[in-house]
Amino acid sequence: MKLDVQGTFYDIPFKEITLLNALVYIRENIDPTLQFKYNCKSGVCGSCSVRVNNQETLSCEYKVQDGDKIEPLLHQTKVQNRLKKVQSWLHVKSLKLMGEANEQKIQRQSDCILCSSCFSACPVFHVKPDFLGPYALTRAWRYMADVREKDKQGFIERIQEEGIWDCTLCGECTLACPVGIDSKADILHLRTKSMQAGKFDPTPQPEFEDDFGFNPNF
Ligand code: SF4
Ligand code: SF4
């Protein structure tokens, strides 16, 4: 079968093979200059994430098809420092014990493997390169919702600018996540908590009238 790897076509003599193994084969047998990242080879570390036919996927899990188009993730130069910006860790710890029920509430968000697929899929980066992005906001929600964290307000302050209000709620990040994290839902949780703390979307809302001349902004 033939694979299009960033505009170069390679023939590989296999039918059932993961993309990662195909890339390793190409590098060892056809093109030693081919560069790509991987580590665990079992869908855990997230380092082998790429785009296949414009869809983010882990190359160690994806079985290649003839004619597949392989590209690197998008927006990766902007990923750095996002977690630091939202300070995704516990700040002021209370003495509360986590408990199984509370642990389960943030289990899914804790499963993030930092593969950056959601970041690559998010359309906002095309127009707002400083957007905090889905996985940083998911991690913010993970720590804000942690019962041991007392400084919830700190998280609310850090996610306002270039943050929750810039998300279009398109859901592309949720579709791209290989471990089933719903960043869109996490952003909605963060918006609700922000509104409860008196914060609102600073973007001016457009004037709108329905067919009967009713303007819901008034
Ligand atoms: S839901 Fe928001 S964060 Fe997720 S991809 Fe869409 S715009 Fe980006
Ligand atoms: S939220 Fe999902 S897609 Fe985004 S970095 Fe974490 S594991 Fe990857």
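How do the residues of the shell around ligand 2 divide into nonpolar, polar and charged? In this predicted model, eleven of the shell residues are nonpolar and five are polar, with no charged residue in the shell. The ligand is surrounded by 16 residues, of which Cys112, Cys115, Cys118, Tyr135 and Cys177 are the closest. Two helices, α5 (117-121) and α6 (134-144), each provide at least two residues of this shell. The greatest contribution to the shell around ligand 2 is that of α6, with three residues.

The secondary structure of the chain consists of nine helices and five strands. Read from the N terminus, the order of the elements is β-β-α-β-β-β-α-α-α-α-α-α-α-α. The chain has 218 residues, and 29% of them are buried. Along the principal axes, the C-alpha atoms of the chain occupy a box of roughly 65 × 55 × 25 Å. Of the contacts in the chain between residues at least 6 apart in sequence, 67% connect residues at least 24 apart.

Two domains are assigned, domain 1 covering 2-71 and domain 2 covering 76-196. Their centres, taken over C-alpha atoms, are separated by 29 Å. Eight residues from domain 1 and nine residues from domain 2 take part in the contact. On the side of domain 1 that touches domain 2, at least two residues come from β3 (49-52) and at least two from β4 (55-58). This side of domain 1 is made up of three nonpolar, three polar and two charged residues.

Key
Residues numbered from 1 in each chain as written. Chains lettered and ligands numbered in written order. Predicted model: local features only at pLDDT ≥ 70, side-chain atom pairs only at ≥ 80, totals over all residues. Helix = DSSP H or I, 4+ residues; strand = E, 2+ residues; numbered from the N terminus. Buried ≥ 20, exposed ≤ 12 C-beta atoms within 10 Å, placed from the backbone. Contact = placed C-beta atoms within 7 Å. Near = placed C-beta within 6 Å. Nonpolar A, V, L, I, M, F, W, Y, C, P; charged D, E, K, R; others polar. Domains from an automatic or database assignment.
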